[in-house]
Amino acid sequence: MQNNDGKLHSDTLLTALRAVGDSTRLRILIILSHGELTVSELTRVLDQSQPRVSRHLKCLAAAGLVVRHREGTWVLYRLADRAVMGEIVRSLVGWVETDDDIVRRDEGRLSAVRHDRAVQAAAYFRSNAAAWDRVRALHVSEASVEEAMLEMASQAHFDVMVDLGTGTGRMLETFAGRIKQGIGFDVSHEMLFFARTNLERADLGHCQVRHGDIYNVPLADNVADLVVMHQVLHYLDNPAGAVREAGRLLRPKKGRLVVADYAPHDLEFLRQEHAHRRLGFRAEEVAAWMREAGFGLIEMRSLSDNNGENPLKVVIWASKRQGRAVRVPRAYHEGVHKVEINNYG
């Protein structure tokens with residue numbers, strides 16, 4: 001247990017140190033320092049039985065050294081990343097000699113596991129790439145959108161960023177240099193699989209993705225400095241609810257929201273072939289949702305190609321939270337359906 005001053009009780013520290021006093025558990029910590037893994041993936045890397053690995057993981061989780069979360073039929077593990085316990089884990093791993101024979105063998109098997117994951121992700125991307133490219137060709141380049149979003153975020157550094165409808169994790173990659181910690185949420189397991197591969201490839205250990213409902217994100221109130229929604233609202237049956245949830249997550253007065261989506265258009269095939277529920281949004285419509293969610297002065301910017309050949313115009317809204325913390329009653333979430341957000345950004 002941790003005190004308010006950031007110190008650990010002695011029994012908590014002793015429990016953590018005892019948990020590390022086993023060669024397999026120390027190996028697990030070293031392996032997880034490279035990123036989160038499922039139990040079956042850890043079993044492959046350690047070359048041990050799943051029951052044995054599970055017992056070691058249970059011990060490490062009880063000691064607070066690793067964190068587990070369930071995602072459908074998967075259970076994923078990552079190193080503790082909060083306050084003192086996170087510092088202890090990072091220090092312990094950092095003291096291990098990287099040229100150790102056992103460490104090298106584990107890293108070799110880990111590379112094979114990550115390669116297999118990358119191959120699967122690439123196959124999924126190839127099967128959908130044509131459809132994504134068709135939509136991308138209809139509007140200004142993604143590079144232009146990302147550059148504008150970074151500029152409109154305005155702040156040089158954020159402690160915690162939340163990416164709602166993270167899709168491929170592209171927004172986490174885009175903002176990675178400005179954030180201390182990033183976490184993306186999506187309800188599509190396929191997209192989360194792809195996002196993890198992208199984040200691992202980019203070596204962005206401070207960014208994570210999670211399975212979560214965009215209307216009811218499993219985070220406490222007022223925890224984020226920045227919330228981003230990139231090409232997400234047009235998939236939702238209740239976009240105003242998603243904006244309100246962003247308001248709940250953001251810190252009062254300083255928390256910033258950046259939203260990118262389409263201006264109104266008449267491309268009906270996007271509904272039929274790409275599951276778009278809304279054919280764009282009026283600028284005033286999204287601004288009204290943001291004001292209702294507790295946001296102040298709202299900046300808007302429209303992006304389109306110079307010659308007007310691309311039929312889709314991208315609009316970006318940015319604003320800061322103001323006033324006191326916004327608390328969303330649980331009843332507000334009742335009856336809201338989970339929506340698969342295929343944010344292909």
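**Group meeting: loops and helices in a predicted model**

Let me begin with K253, which lies in the loop between helix 10 (239–249) and strand 8 (256–262), where helices (H or I, at least four residues) and strands (E, at least two) are DSSP runs numbered from the N terminus. Before I go on, please keep in mind that this is a predicted model, in which local features need pLDDT of at least 70 and side-chain atom pairs count only at pLDDT 80 or more, while totals for chains, interfaces and linings use all residues. Residues are numbered from 1 along each chain as its sequence is written, and side-chain values use heavy atoms, with hydrogens and water left out.

Back to K253, then, which has a positive phi of about 70° although it is not a glycine. Its relative accessibility is 64%, so K253 counts as exposed; on this scale buried means under 20% relative accessible area, exposed means over 50%, and partly exposed is in between, with a 1.4 Å probe and protein chains only.

S154 sits in the loop between helix 7 (142–153) and strand 4 (158–164), and because its relative accessibility is 48%, it counts as partly exposed.

The C-alpha atom of L138 is separated by 5.6 Å from that of L312, although the two residues are 174 residues apart along the chain. If we leave aside neighbours within four places in sequence, L138 is in contact with L267, F269, L270, N310, P311 and L312, contact here meaning heavy atoms within 4.5 Å.

For the chain as a whole, there are 12 helices and 10 strands, and 52% of the 345 residues count as buried. Among contacts with a separation of 6 or more, 71% are between residues 24 or more positions apart.

Now to helix 2, residues 23–32, where 8 of the 10 residues are buried, so this helix is largely enclosed by the rest of the structure. Those buried residues are T24, R25, R27, I28, L29, I30, I31 and L32. At the start of helix 2, a side-chain oxygen of D22 reaches to within 2.9 Å of the backbone nitrogen of T24.

How does helix 2 lie against helix 3 (residues 39–46), and at what angle do their axes cross? The two axes come within 11 Å and cross at roughly 115°, the axes being lines fitted to C-alpha atoms over the stretch in contact, with angles running from 0 to 180 degrees between N-to-C directions. Helix 2 and helix 3 are therefore roughly perpendicular to each other, a description that covers angles from 65 to 115 degrees. On the helix 2 side, the contact is made by T24, R27, I28, I31 and L32, and on the helix 3 side by L42, V45 and L46.

I will finish with T197, which is placed in helix 9 (residues 189–201) and is buried, with a relative accessible area of 4%. A polar atom of the T197 side chain lies 3.1 Å from the backbone oxygen of F193.

Definitions and conventions:
A polar contact is a pair of N or O atoms within 3.5 Å; within protein, one must be able to donate a hydrogen and the other to accept it, and residues adjacent in sequence count only if both atoms are side-chain atoms. Angles under 35 degrees count as roughly parallel, over 145 as roughly antiparallel, 65 to 115 as roughly perpendicular and the rest as oblique.
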